[in-house]
Amino acid sequence: MSELTPILIEGGRLISPTDGLDRPGRLLLHRGRIESIDPADDDLPEYCHRVDAGGCLVTPGLVDLGAEFREPGHEEDETIVTGGAAALAGGFTTVLCLGNCDPPVDTPAGVELIARIAASAAGPRVRVIACLSQGRRGEQMAELGLLVQAGAVAFSDSPRPVGNSALLKRALDYCRMFDIPIFDRPVDPDLVDRGVMHDGRVSLRLGLSGLPTEAEDLAVARDVRLAEATGGRLHVGPISTMGSIDLLRWVKSRGIFVTASVCPHNLGQSDEMLASFDARFKVHPPLRSPRHVEMLCQAVADGTIDAIQSGHMPRAREKKMNDLNQAPFGAAALETALPVVATRMVRSGAMSWSDLILRMSTRPAQIAGLDAGTLRLGAPADVAVIDPEEAWTVEPERFFSSCQSSPHAGEKVWGRVVYTIVGGEIRFTRRPALDHLAIGS
Amino acid sequence: MPDGPLGMAPGRVKPLSTKPLTPMTTSPGELSIASSGLPEFSPPQRPAGWWRRHLLDLEGLTAEEITILLDTAQTLKELTGGCRHKIPLLGGRTLANLFFENSTRTRNSFSLAAKRLGADTVEFSSSGSSVSKGETFIDTAKTIQAMGVDWVVTRHPAPGTPHQLARELECCVLNAGDGAHEHPTQGLLDMLTVRQHRGRLDGLTVALVGDIAHSRTARSNMWGLRKLGAHVIVCGPATLVSPRWEELGFEVAHDLDEILPRCDVLNLLRIQFERFASRPFPSVHEYANRYAMNGRRMRRCREGILIMAPGPINRGVEITPEVADGPHSVILEQVTNGIAVRMAALWLLVGGREHPEGGASDE
């Protein structure tokens with residue numbers, strides 16, 4: 001990394017929640033690390049890129065707790081290269097990618113393959129959430145210890161829930177040896193048979209089969225009790241119901257260590273959108289009724305929900321272009337996550353930009369046990385430069401992702417990533433290249 | 001522009017891009033009279049206030065639009081001598097039945113309606129076969145449209161498929177049943193039948209009995225009846241009649257005997273055993289005991305009660321033969337009226353325009 005030109009980001013507002021940073025300042029990146037904050041001119045290296053961040057926020061790069069890159073096996077939906085490009089455009093410098101590929105990522109070789117492709121892609125840092133069970137069948141544990149050695153940072157069968165309580169309990173117990181979290185997408189499979197959308201007044205009107213909230217509530221209740229019983233590290237998410245929030249509040253008041261995340265689409269849109277019968281609104285978790293949406297926003301603002309994850313579940317156009325029963329759940333989300341949350345939560349005054357960075361970068365990094373989500377001196381130079389005032393309209397046909405299905409298509413949003421820097425290297429920018437010419441100090 | 005097929009003059013070739021809504025180059029009515037030798041016929045006046053090109057559901061229609069449909073159905077029923085004669089109203093047009101679910105009754109009713117008005121019909125059945133070949137229903141429908149049809153009549157197991165088609169197709173789309181969502185022509189024919197017997201719908205109490213959860217007929221009836229002023233009760237086992245219907249303004253009942261003395265109309269829905277993942281009531285025996293309309297229950301009813309059923313009926317489950325074939329049953333009139341409302345829908349839709357105010361069509 002030492003051959004990289006140093007980068008000086010100046011004119012912006014530095015934000016890093018755990019470092020008490022939220023003020024104007026300049027940031028020097030050198031040798032792939034955060035070199036200094038507000039360096040004196042005399043201390044600058046002989047040559048550096050100067051990045052003009054006037055009017056912008058300079059934050060730790062976002063960390064996504066669960067995106068699907070679909071490679072190997074489903075490259076028609078997304079690849080590590082296209083998914084990585086989408087992540088960079090969305091300000092993500094680290095992505096935890098799910099192992100629901102084909103074959104499922106349940107072996108060390110699978111983890112290594114993804115790591116190798118990602119390493120040559122010049123995208124974000126890609127870390128693997130390996131399968132919890134062999135073949136994602138929900139029966140026997142995968143070789144968790146070997147998967148950790150190969151680089152897996154978490155285990156999950158997501159988006160498939162762990163239906164087998166005995167398996168989940170055993171895995172939570174076993175993973176205490178590695179201090180590795182288990183991510184469960186909490187759903188009781190018996191209660192969601194053939195469901196397409198939130199079970200409520202709208203599904204009743206439309207005649208679409210419902211995904212009842214109690215299916216999630218029951219699974220969260222089970223999950224948190226098993227976490228308490230085993231002392232294992234559990235992360236539930238994405239969650240989408242008021243019942244889950246109640247349970248989390250109860251759990252946290254008892255001092256049980258469980259974390260939770262939510263997806264941006266569940267913070268803004270409600271199940272009314274399905275009245276268009278457009279499959280781009282068939283997302284996971286489903287769009288809930290306005291009351292749930294409101295409570296989720298509150299729970300994010302008050303910290304009951306620790307993190308926001310993109311919920312990026314790309315699916316090819318030919319799959320989404322179908323009737324609502326046949327079309328798969330999923331949408332491209334990496335490029336809209338930040339602006340949707342900024343618009344819904346920050347612009348509305350529900351929380352600050354610092355809170356947003358906490359929920360989308362710092363806490364996710366802590367949950368995954370990664371050295372990221374901070375502008376601390378010496379930390380890896382993973383940085384996003386965000387224009388908080390830029391208003392734009394979501395146009396999925398211009399996504400970097402292979403998937404162009406989005407529940408936010410046509411929405412006007414605020415906040416846009418201008419630069420994404422990974423390991424001290426500018427890997428994405430919306431500015432013409434001339435703006436960051438190397439100049440002498 | 002090159003010559004059309006068979007050396008026809010370019011002017012007579014209909015360009016592919018032309019919306020099928022535009023009037024034919026020659027008046028279809030006159031053409032059909034000349035060729036079919038039918039007696040002189042003066043077409044009815046198109047009603048003001050109709051602009052839609054698609055009939056997707058009744059929830060989205062206004063009371064005025066539903067009244068136009070019913071009035072037109074009545075007019076066309078009379079003009080065709082009770083849906084038995086042919087009139088040259090829609091000669092030269094073509095209807096395509098695109099059914100992704102089995103149906104004989106509804107499909108034949110649409111075909112007959114088209115033929116009674118002089119239109120041609122073409123049939124496409126695709127119960128799962130196109131899906132297994134990897135073709136989506138949208139592609140199938142576009143293929144059929146490219147053959148030059150004016151209406152696509154579609155039935156599909158997934159709710160909303162007609163709405164999706166209406167966004168993709170240029171021709172008129174008629175919903176002949178989309179999953180558990182709606183079956184608008186069934187709702188209309190039920191309403192027409194009641195109106196013929198009672199002269200009105202306003203102020204009547206209509207009970208829909210049976211599997212409300214999975215019934216598209218129920219939903220279309222509920223919206224349509226309520227818009228025209230009827231009081232609607234949905235009655236059946238608690239597992240098939242959600243209490244949430246009350247939030248939407250309908251009366252929910254689980255005890256048929258209790259509501260019978262208040263009802264002017266009973267519409268007995270079929271139990272759709274094929275749609276259940278697990279059985280929502282303990283046994284057919286228990287269901288029939290609580291909800292089958294039989295002679296004993298008839299004695300609890302008002303004098304002039306109308307007994308209706310969308311069919312096919314399960315004799316002995318929701319209705320006993322003495323009721324189905326009894327003096328209060330109007331089940332077969334419903335079938336005839338089905339042709340009438342479908343004729344009305346076909347005729348109105350091809351005269352549909354873009355919305356006079358919004359400039360957009362109804363999707």
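The lining of the largest cavity divides into seven nonpolar, nine polar and one charged residue, where Ala, Val, Leu, Ile, Met, Phe, Trp, Tyr, Cys and Pro count as nonpolar, Asp, Glu, Lys and Arg as charged, and the others, Gly among them, as polar. This is a predicted model, in which local features need pLDDT of at least 70, side-chain atom pairs count only at pLDDT 80 or more, and totals for chains, interfaces and linings use all residues. Residues are numbered from 1 along each chain as its sequence is written, chains are lettered from A and ligands numbered from 1 in the order in which they are written, and side-chain values use heavy atoms, with hydrogens and water left out.

**Cavities**

- The whole structure holds four cavities of 30 Å³ or more, a cavity being a set of points on a 1 Å grid over the protein atoms alone where a 1.4 Å probe fits but cannot get out.
- The largest cavity has about 140 Å³ of space, a volume being the space filled by probe spheres set on grid points that are joined across faces, edges and corners.
- Its lining consists of 17 residues, with A:Gly66, A:Leu98, A:Ser158, A:Pro238 and A:Gln309 nearest the centre, and a lining residue has an atom within 4 Å of a point.
- The second largest cavity, with about 90 Å³ of space, is lined by 14 residues, among them A:His265 and A:Pro407, and this lining has seven nonpolar, seven polar and no charged residues.

**Contact between the chains**

- 20 residues of chain A are in contact with 27 residues of chain B, contact meaning heavy atoms within 4.5 Å.
- About 1,800 Å² is buried between chain A and chain B, and carbon and sulfur atoms give 56% of this area, which is the accessible area (1.4 Å probe) that two parts lose on being put together, summed over both.
- On the chain A side, A:Leu204, A:Arg205 and A:Phe277 lose the most area to chain B, together 35% of what that side buries.

**Sheets of chain B**

- One open sheet has five strands in the order β7-β6-β5-β8-β9, with parallel pairing; strands are DSSP runs (E, at least two residues) numbered from the N terminus, and two of them pair if DSSP finds at least two bridges between them.
- In chain B, β7 (251–253) and β9 (306–308) each have a single partner strand, so one side of each is left without a neighbour in the sheet.
- Strand β6 (residues 231–235) of chain B pairs with β7(B) over three bridges, and B:Ile233 stands opposite B:Glu251.
- Another open sheet, of four strands, has the order β2-β1-β3-β4 with parallel pairing.

Conventions: 1 Å grid on protein atoms, 1.4 Å probe; cavity = no way out; pocket = protein on both sides within 12 Å on 5 of 7 lines; lining within 4 Å.
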